[in-house]
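Here's a friendly walk through the model you have open. Take a look at it first, then read on.

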Amino acid sequence: MASDSGARGTARPAPTHPHPATTGQPTVLSGATVVLPTETVKNGQVAIHGTRITTTAPENAQVIDVTGHYLLPGFVDLHNHGGGGASFTSGSAEDILKGIHTHRLHGTTTLVASTVTGDMDFLTQRAGLLSELAEQGEIAGVHFEGPFISPCRKGAHAENLLRDPHPADVRKLIDAARGRAKMVTLATELPGGLDSVRLLAEHGVIAAIGHTDATYEQTVQAIDAGATVATHLFNAMPPLGHRSPGPITALLEDDRITVELINDGTHLHPAALQLAFHHAGADRVAFITDAMDAAGFGDGRYWLGPLEVEVADGVARLVEDGTIAGSTLTLDRAFKRAVTVDGLSVEDAVTALSANPARLLGMADTIGSLEPGRFADLVLLDSAYDLKGVMRRGEWVVGPQLH
Ligand SMILES: [Zn+2]
C-alpha cells in the first residue's frame, strides 16, 4: 500500500480554522426558516447553549438576526474517503483531521471515514487509527469499502487485493475498529457473503450491499439476512434490466433498505436519481459524497489506496482505465443540487442529508435534527441555498456571513 497519501497536483495552503472565539454565551439565531422534522417554521429561531440546542434561551443570550436564511441540521455523510488533499485510507492522523475539517467547512458536521480496499494487515492497522479519531469524537466511525467486493464490479479498488467475505476476515476488521466500525460494504453473493451479513447485523454494524454482481434473487437473500444499506445505488452494480431486474430493483423495492446516492451530476443522471428518490421515498435515501482527497482541494494527481487517480474539472478517474474513482463532492453542493436541479423540497433534501444517515448510525437522539437536546450542529444557507454558516457542537466553523 502506498504510504504517499498526499496530492501531487495543485498545491494549496492547508485549510485554516476560522473559529470566532467561542464565548460559551448562549446564542439565539432568529428570523430564519427553520427546517424541523415535522414542520418548517418561517421566522423561527434556534437557541444554543454550550454544545446543545435548547428549548429556550436565557435573558443574556446573544441574538443573531438571520432573517432571510435557512437553518438546517448539519449534514451527515455515511460514505467519505477524504478531502482537502488528505486520504482517510492512507493519511496520517493530522492529514485525516485536515480532511474532516475540509468537509466541515462545507456543512458536514458528522462523517463516517471510509477506507478503500487494502490488504488485511494494512486495513486492521488503519482501523486502529480511525477508531482513535472516533473515540475523540472527530468522526462517527469507520466504513470499510472493500476488500470483500466483486472483481466484476470493482470500480476504483485494486483487483489483486480483493477477497471473498469470509466471516473470520470480516470479524478481524470490525474487531480492529474496537466498536467503531459502522458499516462494511460487501458483495453478498460471494462465498461467505450471507454469513458475513448475519455477523455484521449481530454486531450492530451496517451490512451494505455494493460493488456487487448479485442477481435480484441473491440481493433479496442478502436483505433477508440483514443488509440495510445499498452502497451508491446504481454505481458498481449490474444495471436494471426488464428480464434481469438485478440488485437495483431488489434494493429499491424493499423498505428495509436505505439507498446511498451520489448527487454530483456525474455519478448519476438526474432522471436516475429522481427514479430512485421517488421509488424509495425520502425516508429511504441517504445522499453521500463518496469523496476522495481532491474534494475541497482541486484538480491534479492523487492516490486512492494503491491506485493513481487523475482529477480534471472536478471529476476523479483512474489513470489506468478511466473508471470513475470517487467524487470531489461536498454535501453543501449535494444539497443545492437536490433543490435547484433535482426539484426536491428543502425538507426532503434535509431528510436525505441529515435525518436518515443519523438514524442509520443510531445517533438520531444527538444529531440529524434541530430539536432541543440535540448537538448544536447546524448549517445556515442564504435564499439561493449557498452556505453562509456552519456550527458544530455550538462553535462556528464557518461564519456566520450575513452580508
Ligand atoms: Zn464505491
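## Ground rules

Two residues count as in contact, or touching, if their C-beta atoms, placed from the backbone, lie within 7 Å. A residue is called buried if 20 or more other C-beta atoms, again placed from the backbone, lie within 10 Å of its own, exposed if 12 or fewer do, and partly exposed in between.

What you're looking at is a predicted model, where local features need pLDDT of at least 70, side-chain atom pairs count only at pLDDT 80 or more, and totals for chains, interfaces and linings use all residues. Residues are numbered from 1 along each chain as its sequence is written.

Helices (H or I, at least four residues) and strands (E, at least two) are DSSP runs, numbered from the N terminus. Two strands pair if DSSP finds at least two bridges between them.

## The eight-stranded sheet

Let's begin with an open sheet of eight strands, paired in parallel and ordered β6-β9-β10-β11-β12-β13-β14-β15. At its edges sit β6 (75–80) and β15 (285–288), each of which pairs on one side only. Helix α1 (residues 93–104) packs on this sheet, where it touches β6 and β9 (108–115), and its direction makes about 135 degrees with that of β9. (For such angles, axes are lines fitted to C-alpha atoms, for helices over the stretch in contact, and the angles run from 0 to 180 degrees between N-to-C directions.)

Further into that strand order, β10 (residues 141–145) and β11 (residues 181–186) are parallel partners, joined by four bridges. Opposite Val 142 you'll find Ala 181 of β11.

## The listed binding site

Which residues does UniProt list for "binding site"? Its unreviewed entry gives Ala 156, Asn 235, Ala 236, Arg 243, His 267, Ile 324, Ala 325 and Gly 326. UniProt positions are given in the numbering used here, with feature names shortened, and annotations may be inferred rather than shown by experiment. These residues span 171 residues of sequence and are spread in space too, with up to 30.0 Å between C-alpha atoms.

Two of the listed residues, Asn 235 and His 267, touch each other. Asn 235 is in the loop between β13 (229–230) and α6 (246–253), and is partly exposed because 19 other C-beta atoms lie within 10 Å. His 267 belongs to the loop between β14 (258–262) and α7 (270–280); with 21 other C-beta atoms within 10 Å, His 267 is therefore buried. Setting aside neighbours within four places in sequence, the contacts of His 267 are His 232, Asn 235, Ile 262, Ile 324 and Ser 327.

## A residue in α7

Is Leu 273 buried or exposed? Leu 273 counts as buried, because it has 24 C-beta neighbours inside 10 Å. Not counting residues up to four places away in sequence, Leu 273 touches Leu 261, Asn 263, Leu 268 and Asp 342.

## Two hairpins

Strand β17 (residues 307–312) pairs antiparallel with β16 (residues 300–304) over five bridges, and Arg 301 has Glu 310 as its bridge partner in β17. β16 and β17 make a hairpin with two residues between them, and Gly 305 in the turn has a positive phi of about 55 degrees.

β17 also runs antiparallel to β18 (residues 315–318), joined by four bridges, with Val 309 opposite Leu 318. That hairpin again has two residues between its strands, and its turn includes Asp 313, with a positive phi of about 50 degrees.
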